[in-house]
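Here are my notes on the model you sent over. Have it open while you read, as the points go through it piece by piece.

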Amino acid sequence: MPNRMSIVYFIGLTIISFSFPAQAQQWSWPEKPENLQVFSKDWPGSRLRAPMRGFTRALGVRCSYCHVGEEGQPLSAYDFASDANPNPNKERTREMIRMLGSINGHLKKIETSGTKRVNMWCHTCHNGRPKPMTLAEELGETYRMEGLEPALAQYTALKTQATTLYNFGDDALNGLGYEVLKDDPKAAVKVFEMNADAFPESWNAW
């Protein structure tokens, strides 16, 4: 008669087998990757695992953000080597990797102020966001695309979440106010007043 540990192990394997489609289980990192333009062409596929997973975590995205394939489909259905994806994210990523190499090269020339040299990587700026922006820039983008009320609602929602990704000082609404001022001075006053109410001790807000 099987013991308790055997039963638990069997259940675990059963759950795993149902959690991942058979086609997805068949996929594996290619022995010889194709179309490597930034990473060394001598890299085996297994060496791509760490940076690719690093990209997904640093930007909070999935494979389809850069590669040809549909979200929800097994990895075996993706064409990772192809550059045919209509969005330019794959080429952006390549250029960002080149930029990182340049920045880290310059950092090596700077005398470190701590016990360990600073190393730039995607998460340094992105922090889980595809497009790294300040709060003022985020609000400005929402304003230009959707209007003022959605931008103010976004500010309130983000502030309620108490996220540490943004600086919620008086600069955020101040920046949005000047963005709105280009189009609608009366609406901009509303933003500036909201900022002054939120930061009554700030000379900048007043």
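The points below run from the overall fold to single residues.

1. First, the ground rules. This is a predicted model, where local features need pLDDT of at least 70, side-chain atom pairs count only at pLDDT 80 or more, and totals for chains, interfaces and linings use all residues. Residues are numbered from 1 along each chain as its sequence is written, and side-chain values use heavy atoms, with hydrogens and water left out.

2. The fold is helical: the chain has nine helices and zero strands, giving the pattern α-α-α-α-α-α-α-α-α along the sequence. Helices here are DSSP runs of H or I of at least four residues, strands are E runs of at least two, and both are numbered from the N terminus.

3. Now for burial. Of the 206 residues in the chain, 31% are buried (buried means under 20% relative accessible area, exposed over 50%, partly exposed in between, with a 1.4 Å probe and protein chains only).

4. Take a look at the largest nonpolar core, which has 20 residues. A nonpolar core is a set of buried Ala, Val, Leu, Ile, Met, Phe, Trp, Tyr and Cys residues joined through side-chain atoms within 4.5 Å. The members touching the most other members are L135, L148, Y155, L173, L176, V180 and V191. Two or more residues each come from α6, α7 (148-160), α8 (170-181) and α9 (185-198), and α7 gives the largest share, five residues.

5. What does L173 touch, not counting residues up to four places away in sequence? Its partners are L139, L152, Y155, V191, M194 and N195. Apart from this core lies another, of 13 residues, including L36, W43, L48 and V61.

6. The aromatics deserve a look too, with eight pairs in the structure. Rings of Phe, Tyr and Trp (its six-membered ring) pair if their centres lie within 6.5 Å; planes under 30 degrees apart count as stacked, over 60 as edge-to-face and the rest as tilted. W27 and F80 make a tilted pair, 5.6 Å centre to centre with 55° between the planes. W27 sits in the loop between α2 and α3 and F80 in the loop between α3 and α4, so this pair ties together parts 53 residues apart in sequence.

7. Staying with F80, its ring and that of Y78 have centres 5.4 Å apart and planes at 15°, so they are stacked. Y78 is buried at 10% relative accessible area, whereas F80 is partly exposed at 25% and W27 is partly exposed at 22%. Ring pairs link W27, W29, Y78 and F80 into a cluster.

8. Two asparagines are worth checking for backbone geometry. N35 has a positive phi of about 65° although it is not a glycine; its place is the loop between α2 (22-26) and α3 (49-59). N127 likewise is not a glycine, yet has a positive phi of about 50°, and it lies in the loop between α5 (122-126) and α6 (135-146).

9. Finally, N104 belongs to helix α4 (residues 89-107) and is buried at 16% relative accessible area. Leaving aside neighbours within four places in sequence, N104 contacts V118, N119 and M120.

Terms used. Contact means heavy atoms within 4.5 Å.
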